[in-house]
Amino acid sequence: MSETILIVGAGPTGLSAAAGLASVGKSVVLVEKENKLGGAPILSGYAKLVPSGEWAKDAIGRMVARVENDARVTIHRSAKVAKVDGGFGNFAATLSTGQTVNAGAIVLGTGFTHFDSINKPEWGFGTYEDVVTTTQVEQMVAAGKIACPSDGRVPERVCILLCVGSRDRQIGREWCSKICCTVSTNLAMEIKELSPKTDVYVYYMDIRTFGLYEDKYYWRAQEEFNTKFVKARIAEVTQGPDKRLLVKGEDTLVKRPIIIPFDLVVHAIGMDPNLDNPEIAKVFGVELEKHGFLERGEHYTSSFASTRRGIYVGGAALGPEDIDTCISHGLAMAMRVAGDLSALVQKAA
Ligand SMILES: Cc1cc2nc3c(=O)[nH]c(=O)nc-3n(C[C@H](O)[C@H](O)[C@H](O)COP(=O)(O)OP(=O)(O)OC[C@H]3O[C@@H](n4cnc5c(N)ncnc54)[C@H](O)[C@@H]3O)c2cc1C
Ligand code: SF4
């Protein structure tokens, strides 16, 4: 019987679970496949996070430092779990590095993969240099300059296309990625702050700046930053003779075709299931739900259980989530795991 907990993935979810378990005196082994901790906000270089407005490198950096400085947490970077033997209370995981970790329970915080806009070719990504993604614009904001990749000019007109790789049944992505409306309206304001003369348009099907984000982002972007919102169905992005990008579609409020020129077109990319999920399902013996995210065991009395006893799952591995929710999932999993392991120890005594 081992009371060590193996956590896979060091994004907001895994880091929160690790800190929670360490704070109640548990030994944790954290395995991260990249050579840096922090998950998507650090690996993809996000700028200021919603809703706190803090730079990702500072906010998530604090979460990383808390775990790195805790002697109860052993960290394996650039490593994956290759094989899992045993069961609840007595797992033995073999890492890709050849090391073995004995653990009573396993937490999967393996997150998501950003939608690859190449899978939406009619919207110009991969064809035109000045069609970029929200993660690229996050990196521009973090570097302090908004520029067209083709020639470095500051764009006069920017358009952000929402729901790229989300709510799109034609390409097998039926889900809403939850956070991209808010992230995009925040980016619209950040672009304007960096370049006050740039006009920013947001093309949307619906606006889902949920909960308290409605006035903080949606209304503020319009009223204080003059962002223009256009309800539209986009057909394609092409290039005009002057090399400007042409966004073609239908304004669905007035039911008229529109063709509008822009210097920079931004895809608000969604959250796909982690590309590793088929491998994770096989190695850990857990099931996937129909879209390819990890499946839950039961929601209400056994929250964050996967479909295998002793293995828990939370955060964006379960489906699109924001960071605050992922942090809560991590803490909730810490509580569940500590409670379930102590019940197992008492039963065995
Ligand atoms: C463009 C964009 C901007 C966003 N901005 C915000 C924002 O401002 N505020 C907000 O609240 N949310 C934001 N989000 C959502 C945010 O990115 C997620 O909520 C958060 O990253 C999910 O955390 P996670 O730990 O569950 O997963 P991830 O961040 O994906 O972390 C998972 C970790 O697991 C590792 N991993 C994956 N597979 C394996 C494996 N097989 N073995 C070992 N390690 C593995 C990964 O390398 C990664 O480090 C944004 C999302 C997008 C798409
Ligand atoms: S949050 Fe907004 S942009 Fe993202 S998928 Fe949902 S509706 Fe589309």
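## A strand with two partners

Strand 9 (residues 131-133) pairs with strand 15 in the parallel sense, over 3 bridges. Helices and strands here are DSSP runs numbered from the N terminus, with at least four residues (H or I) for a helix and at least two (E) for a strand, and two strands pair if DSSP finds at least two bridges between them. Valine 132 has valine 266 of strand 15 as its bridge partner. Strand 15 also runs parallel to strand 10 (residues 157-164), joined to it by 5 bridges, and there isoleucine 160 stands opposite valine 266.

How many of the residues of strand 15 (residues 264-269) are buried? The count is 6 of 6. A residue is buried if 20 or more other C-beta atoms, placed from the backbone, lie within 10 Å of its own, exposed if 12 or fewer do, and partly exposed in between. In a regular strand the side chains alternate between the two faces of the sheet. On strand 15, Leu264, Val266 and Ala268 are buried on one side, and Val265, His267 and Ile269 are buried on the other.

## About the model

This is a predicted model, in which local features need pLDDT of at least 70 and side-chain atom pairs count only at pLDDT 80 or more, while totals for chains, interfaces and linings use all residues. Residues are numbered from 1 along each chain as its sequence is written, and chains are lettered from A and ligands numbered from 1 in the order in which they are written.

The chain is divided into domain 1 (5-111 + 274-348) and domain 2 (117-271), with bounds that come from an automatic or database domain assignment. Their centres, taken over C-alpha atoms, are 32 Å apart. Across the boundary, 13 residues of domain 1 are in contact with 17 residues of domain 2; contact means that the C-beta atoms, placed from the backbone, lie within 7 Å.

Where does ligand 1 lie? Both domains give residues to its shell, so ligand 1 lies between them. It is surrounded by 40 residues, and Gly9, Gly11, Gly39, Gly111 and Gly315 are the closest. A residue is near a molecule if its C-beta atom, placed from the backbone, lies within 6 Å of it. Among the elements giving two or more residues to this shell are helix 1 (12-23) and helix 8 (323-348).

## Ligand 2 and cysteine 163

Ligand 2 has 13 residues around it, the closest being Cys163, Ser166, Cys176, Cys180 and Cys181. Strand 10 and helix 5 (180-194) each supply at least two residues of this shell.

Cysteine 163 is found in strand 10. Its phi is positive, about 60 degrees, although it is not a glycine. Cysteine 163 counts as buried because it has 23 C-beta neighbours inside 10 Å.

Another part of the model is an open sheet of 3 strands, in the order 4-5-6 with antiparallel pairing. Its edge strands, strand 4 (81-85) and strand 6 (100-103), each pair on one side only. Strand 4 is joined to strand 5 (residues 91-95) by 4 bridges, and aspartate 85 stands opposite alanine 92 in strand 5.

Is serine 78 buried or exposed? Serine 78 is exposed, because 12 other C-beta atoms lie within 10 Å. This serine lies in the loop between strand 3 (73-76) and strand 4, and its phi is positive, near 50 degrees. In the loop between helix 2 and helix 3 (56-68) lies proline 51, and the peptide bond from valine 50 to proline 51 is cis, with omega near 0 degrees.

Conventions: Two residues are in contact if their C-beta atoms, placed from the backbone, lie within 7 Å.
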